[in-house]
Amino acid sequence: MTKLRQQQHQGKVILSPHCEVKQAVWEGDYWHVDCNNGQCLNVDRIWLGTGHKTNVEEHPLLSLMRERYPIKVINGLPVLDSHLRWQGCELFMMSAYAGLQVGSEKEI
């Protein structure tokens with residue numbers, strides 16, 4: 001992040017942490033980007049960082065899974081089996097939701 005901020009101070013990078021891209025249109029040699037916060041950018045590259053709150057107990061799409069297949073949760077992360085599977089069904093998790101199992105594999 002420090003390097004990105006240095007690049008920003010040099011005018012080489014634009015950081016827009018609260019920009020949710022509504023539309024991006026290629027205009028010949030640059031991207032015209034409209035953000036949900038009213039910001040408009042003309043840039044040659046777009047790097048998107050996405051994120052969300054990682055907590056299966058608060059994720060609406062997983063509420064039915066939690067109801068039908070109760071699972072142990074630690075700090076918002078499900079305790080998966082060694083195949084990254086939600087216990088009791090064939091739902092395989094990835095990304096941050098697999099953090100407990102993937103993290104434990106790296107420590108071994």
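Before the details, the ground rules. The model is predicted, so local features need pLDDT of at least 70 and side-chain atom pairs count only at pLDDT 80 or more, while totals for chains, interfaces and linings use all residues. Residues are numbered from 1 along each chain as its sequence is written, and side-chain values use heavy atoms, with hydrogens and water left out.

I start with the whole chain. There are three helices and five strands, where helices (H or I, at least four residues) and strands (E, at least two) are DSSP runs numbered from the N terminus. Along the sequence the pattern reads α-β-β-β-α-β-β-α. The chain has 108 residues, and 20% of them are buried. Buried here means under 20% relative accessible area, exposed means over 50%, and partly exposed is in between, with a 1.4 Å probe and protein chains only. The accessible surface comes to about 8,500 Å², and carbon and sulfur atoms hold 52% of that. Those areas are from the Shrake-Rupley method with a 1.4 Å probe; for residues, only the protein chains shown count as cover. On contacts, meaning heavy atoms within 4.5 Å: of those between residues at least 6 apart in sequence, 15% join residues at least 24 apart.

Now the sheet. Three strands make an open sheet, ordered β1-β2-β3, with antiparallel pairing. The edge strands are β1 (21-26) and β3, each of which pairs on one side only. From one strand to the next the twist averages 20 degrees; axes are lines fitted to C-alpha atoms, for helices over the stretch in contact, and angles run from 0 to 180 degrees between N-to-C directions. Two strands count as paired if DSSP finds at least two bridges between them. Strand β2 (residues 31-35) and β3 run antiparallel and are joined by four bridges.

Which residues of β3 lie on its covered face, and which on the uncovered one? Leu 41 and Val 43 are on the covered face, whereas Cys 40 and Asn 42 are on the uncovered one. In a regular strand the side chains alternate between the two faces of the sheet.

Staying in β2, take His 32. His 32 counts as partly exposed because its relative accessible area is 24%. Not counting residues up to four places away in sequence, His 32 touches Gln 23, Ala 24, Val 25, Glu 27, Cys 40, Leu 41 and Asn 42. His 32 and Val 43 are eleven residues apart in sequence, and their C-alpha atoms are 6.7 Å apart.

Next, the loop between β3 (40-43) and α2 (63-68), which holds Trp 47. Trp 47 is exposed, at a relative accessible area of 74%. With Met 1 and Leu 4, Trp 47 makes a nonpolar surface patch of about 400 Å². Patches are made of residues with over 30% relative accessible area and no salt bridge; like charges are joined within 9 Å, and nonpolar side chains (Val, Leu, Ile, Met, Phe, Trp, Tyr) within 5 Å.

Asn 55 is also in the loop between β3 and α2. Is Asn 55 buried or exposed? Asn 55 counts as buried because its relative accessibility is 15%. Apart from neighbours within four places in sequence, Asn 55 is in contact with Gly 76 and Tyr 97.

Charges come next. The structure holds two salt bridges, a salt bridge being a side-chain nitrogen of Lys or Arg within 4 Å of a carboxyl oxygen of Asp or Glu. One joins Asp 81 and Arg 85 at 2.8 Å, N to O. The other joins Arg 85 and Glu 90 at 3.8 Å, N to O. The shared partners put Asp 81, Arg 85 and Glu 90 into one network. Asp 81 is buried, with 17% relative accessible area, whereas Glu 90 is exposed, with 61%.

Last, Gln 101, in helix α3 (residues 99-107). Gln 101 counts as buried at 15% relative accessibility. Leaving aside neighbours within four places in sequence, its contacts are Leu 80, Asp 81, Ser 82 and Leu 84.
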